[in-house]
Amino acid sequence: MNFGEIVKKVEETKDLTLDELFDLWKEAQAVEERWEKTTVSGEYSDEFRTHFTKDGIIDPDAYARSEYKVLVVLKEPNLEGKEKDFFAREDDHRVFYNIFVNAEYSNDLKGFINSNKESGDDIDNDVHQKELIGRMAFSLQNLLRTKKLTEENPSASQIQKALKSTAVINLNKRGGKQSTNKGTLHKYCKKYVPFIRREIEIIRPDIVVWCAWKSLEHGGYIPENIPVIDMYHTAYVRMPNELPELLKACGNSQLNQVLKKLESNVADSQIAYNRHVAKYMLVFRERVREALEEGKLKL
């Protein structure tokens, strides 16, 4: 099939599963004409062309049981520095998140025991993105259940449980580099709108956190009946202290005072706040408040 025929099949096939969609998506990437415009340039651009990162529902059983289903949308996997043979292997981010949700949290070490023994580290140091998504999912699940936006700091197990019942997808399945090329991302997403929209329709979330905000508007990708929280990407580590949402979230208090309070009020079973995580969650709660006030999110 050519690209147009694959798109037609994606749009017209009823009861399409995620794996079936992924197979068609991979085939479309392989036969796409003028693929250079939608693929990152560089030494491995030809490998990027056919590379595909699977994603979606982290734990199907937990997601099915979840009273409120949360989908977090990211821009693209960061494949910076990967060796050439990496692109020939299957890549599935659901495995990446399941390692976190099934890990053991150590109160003594204040971190998750690293299940990747080859790394030589006792602690999984690559948890911030997974932790942030778990915290956001917990906050939204709690909000929809209690109808109140609380400042509660969840325990490590609550964050893991929330993430386990969540779906996470990347818009650009080919992947990109550490710094997203907005032009390439826009062209890829425009080309693959039918695939992105169909994946979201298959996942059927109750609410979406769009972490591609500032890079790509969500219009046209998400069914109109699903509420959306626009949010910065979880890798946004240079969040300035003067950010309007941060200042508003702090009210009359100084940001440093608020952050110190967050960092000190951590029980043994809770993950100690990293500064980036604390600032990000302050902004997230403010974005949720705005969505409630503007009527974009209704309880």
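Guide: Of the 84 residues in the largest nonpolar core, F195 and W210 touch the most other members. Helix α12 (residues 275-293) gives the most to this core, with nine residues; helices (H or I, at least four residues) and strands (E, at least two) are DSSP runs, numbered from the N terminus. The model is predicted: local features need pLDDT of at least 70 and side-chain atom pairs 80 or more, while totals for chains, interfaces and linings use all residues. Residues are numbered from 1 along each chain, and side-chain values use heavy atoms, without hydrogens and water.

Visitor: What makes a set of residues a nonpolar core?

Guide: Its members are buried Ala, Val, Leu, Ile, Met, Phe, Trp, Tyr and Cys residues joined through side-chain atoms within 4.5 Å. Buried means under 20% relative accessible area, exposed over 50%, partly exposed in between (1.4 Å probe, protein chains only).

Visitor: Why is the pair of W25 and F52 called edge-to-face?

Guide: Rings of Phe, Tyr and Trp (its six-membered ring) pair if their centres lie within 6.5 Å; planes under 30 degrees apart count as stacked, over 60 as edge-to-face and the rest as tilted. The centres of W25 and F52 are 5.7 Å apart and the planes lie at 70°, so the pair is edge-to-face. W25 and F52 are both buried.

Visitor: What makes F86 and F87 an edge-to-face pair?

Guide: Their rings are 5.5 Å apart centre to centre, with 80° between the planes. Both residues, F86 and F87, are buried.
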